[in-house]
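Open your viewer and keep the selection panel handy.

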Amino acid sequence: MSRALLLEEPGRFRVVPADPPEPGPGEALVRVAAAGLCGSDRELYDGARPAGFATYPIVPGHEWSGTVAAVGPDTDPGLVGACVVGEGFPGCQGCGPCRDGAPNLCAAGYDETGFTRPGAFADHLLLPARMLHVLGPDADLRAAALLEPAAVVAAAVRHAALRPGETAAVIGTGTLGMLALQLLSAASPARLVAVDPRRERGEAALASGATVFLSPGEAEEGSFDVVVETAGAVGTAHAAVGLVRRGGRVVVTGIPADPTDHVPTSLLVTRALRLYTVFGAGPADWAYAVRAFDSGVLRPASLVTHELPLAEFANALKLSAAPEAGKVLLRPDWT
């Protein structure tokens, strides 16, 4: 028997029993070890996702880790028992973006695990085996549940292309920001500044690789080669553009709740910036994040502050929104 947390409509969920799905050709059945909550899961629960970016009823859960329990026909049987994480966007596999390695930008439309197809707030998760990334046999599956946000950060870091001796700033010290600090610090920057109004985040930011922690307004404008924005708050994209030097690189990952938030075009043009944005992660970003995790460059375990069983989803939602919380995990493997 298997359980799944079914969000029937915004604000209404229940844990339902079900038989584990049978994997078909090319599919793998994963026994979920841990699944993380983030702001997009709260949006899904509140009914605040943009039109076309959510389906109800739905089993949420797009950040996860687990162990392969079974595979279907025409699938490598050697996967059974492997510790894995998995991509969220299956893609149509036929359009230009998919063939270019970006199923997260599939021309057939938005389709993502945990939002439009069953996710990992369940005992078992069924998905195409091609979407799996195998971890080492002794992998910390609790920490590996953060590899989905790490893959998003990997996309940002790959765009940033930070070189040794350059200077960088990260705006926001939530999960994405802390992971960005860890990856950027591996490039040996001359200075790596974390920017956040929450002074209590300073110690953790320094432990993640920042050389300095500053409040907004304390960082010198126009002084960084690279700025990565991870906060998604009103004004943070504008702040990122202000901090980077002329000709520098800015990567924006956050989506502010206020749709009128903007960055003046004149500021972009007169600074001759290279501006990148990130939406989800593609296979190459996942491979980058998994390598960094396996090598110890990524250290997400320290970012987990709460772990709860599947039945305590309501409490997990509340905790994930608390200012003092880091990453909150649901543990379907806890009974």
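Is Cys-83 buried or exposed? Select Cys-83 and look around: with 11% relative accessibility, it counts as buried, a word that here means under 20% relative accessible area, while exposed means over 50% and partly exposed lies in between (1.4 Å probe, protein chains only).

A word on the ground rules: this is a predicted model, in which local features need pLDDT of at least 70 and side-chain atom pairs count only at pLDDT 80 or more, while totals for chains, interfaces and linings use all residues. Residues are numbered from 1 along each chain as its sequence is written, and side-chain values use heavy atoms, with hydrogens and water left out.

**Stop one: the cysteines**

Taking a disulfide as a pair of cysteine sulfur atoms within 2.5 Å, the count is zero disulfides. Select Cys-92 next: it is in no disulfide, and the nearest cysteine sulfur, that of Cys-106, lies 3.6 Å away. Cys-92 is partly exposed, at a relative accessible area of 40%.

**Stop two: the open sheet**

Now show the cartoon. Helices (H or I, at least four residues) and strands (E, at least two) are DSSP runs, numbered from the N terminus, and two strands pair if DSSP finds at least two bridges between them. Six strands make up an open sheet with parallel pairing, in the order β10-β9-β8-β11-β12-β13. At its edges stand β10 (212-214) and β13 (274-277), each with a single partner strand, so one side of each has no neighbour in the sheet. From one strand to the next, the twist averages 20 degrees.

Zoom in on β8 (residues 167-171) and β9 (residues 191-195), which pair in the parallel sense over five bridges. To see one of them, pick Val-170, whose bridge partner in β9 is Ala-194.

**Stop three: a strand with buried residues**

Select β15 (residues 327-331). Five of its five residues are buried, so this strand is largely enclosed by the rest of the structure.

Which strands pair with β15? Strand β3 (residues 27-37) runs antiparallel to β15 and is joined to it by three bridges; there, Ala-35 has Leu-330 as its bridge partner. Strand β14 (residues 304-309) pairs with β15 in the parallel sense over five bridges, and Val-304 stands opposite Lys-327.

**Last stop: Thr-175**

From Lys-327, step across to Thr-175, which touches Leu-146, Pro-149, Leu-303 and Lys-327, leaving aside residues up to four places away in sequence. Thr-175 belongs to helix α5 (residues 175-185) and is buried, at a relative accessible area of 18%.

Definitions and conventions
Axes fitted to C-alpha atoms, helices over the stretch in contact; angles between N-to-C directions. Contact = heavy atoms within 4.5 Å.
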